[in-house]
Amino acid sequence: MDRLRRRPRRWDRFAGWAPGAAILTLVGFAILLALAAWTQRTDLPESAAPVEAPTATTTSHGENPARDTDLRLYDRIVERVDAGENYYEVAVEEQRARDFPVRPGLAVRLPTLAYATAVFETWGMASLGVLLAVLTLLAWWVRLQDEQGGQERKLYILLLLVIGAGVGFKLQYLALHEVWAGMLIALSLGLHRPQQWVWSWVAAALALAIREHALPFVLLMAAMGWMRGQRREAFAWLGLALVFGIALAFHLSVVAQLTSEADPASPGWLTLRGLGGWTSNIVTSSPLQLLPGWLAAMLVIVPLIGWAGWKSDLGETGLLLCLGYGLAFMIAGRDNNFYWALIVMPVWFVGFAFVPRALASLWNSARDY
């Protein structure tokens, strides 16, 4: 502890903080951990598989009954698209046949991943997944070399990236849109520099083309660019959001032409599940699901104090990213939408690398009261 006092780091946000602010932060953090344990919802039924509808009891067209219902749906859509059929007609027909909702149009996934899988097939997509993972780790390795506080912890950070992505980024889950979008967001973060952001923008655009849930990340990057005074970059991110909005409107219009009021509608996504909704999404999408619910829920929150203590561009972006999606999970999404968390899961645990330093600095600052 005394060494921390003698050797403050510029990236250590909490070093030398006012004692009152440090005490309030520690107390607030402790309260948040207690609330997370108290409100944990990891004992929900059917929480171990990503589903949108009841599990089917029979299969057709040679589908693998061991696959989850959502995954079998995506497999069948890809099979028919590969045979030359129209994606939208196939998606609506298959979802309708399985009593999956097709209204509103957002209940039908964007076509990008289906077309890519039809072109590259299963092992081609697996190869692309390996390439994406390697590129992401390399991008973070290079960025951490120049990021204050990152260089001395880069091995831990890369390990935490692997752990965060490990649950979703498996061969059997490559049909999930959130898996690809989440890794592309992680790649975008690794590629980003305040003065060199074009390739980061491209990676984010690919994520957005696969899953609309990547839009908050794009808007965050626009806001960060604006706050840094990088107006050109900010407008580029906003332009991406605008183009996507136009594409999404087209997507919704096509789905609307193929559906009617008689079709099944999705239950509302505005559910206000609170802190338990946030923690349960992360727990059931990560290795934390192996731990007791109360402990796992607390460990979901712990990386936030590490992100907050990392005073750097990447640290601030990571903190806002996790807080933003955490708030979204509190407000939107049903219990069986927990796999939405896969979109931020690859980077979530990175904050753990800075937790010991953050807590030690807060404690030292509080002792000066």
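In this tour a residue is called buried when its relative accessible area is under 20%, exposed when that area is over 50%, and partly exposed in between, as computed with a 1.4 Å probe on protein chains only. The model is predicted, so local features need pLDDT of at least 70 and side-chain atom pairs count only at pLDDT 80 or more, while totals for chains, interfaces and linings use all residues. Residues are numbered from 1 along each chain as its sequence is written, and side-chain values use heavy atoms, with hydrogens and water left out.

**Stop one: helix H8**

Select residues 198-210, which form helix H8; helices here are DSSP runs (H or I, at least four residues), numbered from the N terminus. Colour Val 198 and Trp 199 first, which are exposed, and then turn to the other side of H8, where Ser 200, Ala 203, Ala 204, Ala 207, Leu 208 and Ile 210 are buried. Next show helix H5 (112-146), helix H7 (177-191), helix H9 (215-227) and helix H10 (231-258), against which the buried residues of H8 pack, where contact means heavy atoms within 4.5 Å.

**Stop two: the largest cavity**

A cavity is a set of points, on a 1 Å grid over the protein atoms alone, where a 1.4 Å probe fits but cannot get out, and its lining residues have an atom within 4 Å of a point. The structure holds two cavities of 30 Å³ or more, and the largest has about 50 Å³ of space, a volume being the space filled by probe spheres set on the points, which are joined across faces, edges and corners. To find the largest cavity, select its lining: Gly 164, Ala 165, Gly 168, Phe 169, Val 179, Met 183, Leu 342, Met 345 and Pro 346. Helix H6 (154-166), H7 and helix H14 (345-348) each supply at least two residues of this lining.

**Stop three: two single residues**

Move to Ser 361, in helix H15 (residues 355-367), which is buried with a relative accessible area of 4%. Leaving aside neighbours within four places in sequence, Ser 361 is in contact with Asp 12, Phe 14 and Ala 15.

Finish at Pro 104, in the loop between helix H4 (87-97) and H5, which counts as partly exposed at 41% relative accessibility. Pro 104 touches Ser 266 and Trp 269, not counting residues up to four places away in sequence.

Conventions. Expected span 1.5 Å × (residues − 1). 1 Å grid on protein atoms, 1.4 Å probe; cavity = no way out; pocket = protein on both sides within 12 Å on 5 of 7 lines; lining within 4 Å.
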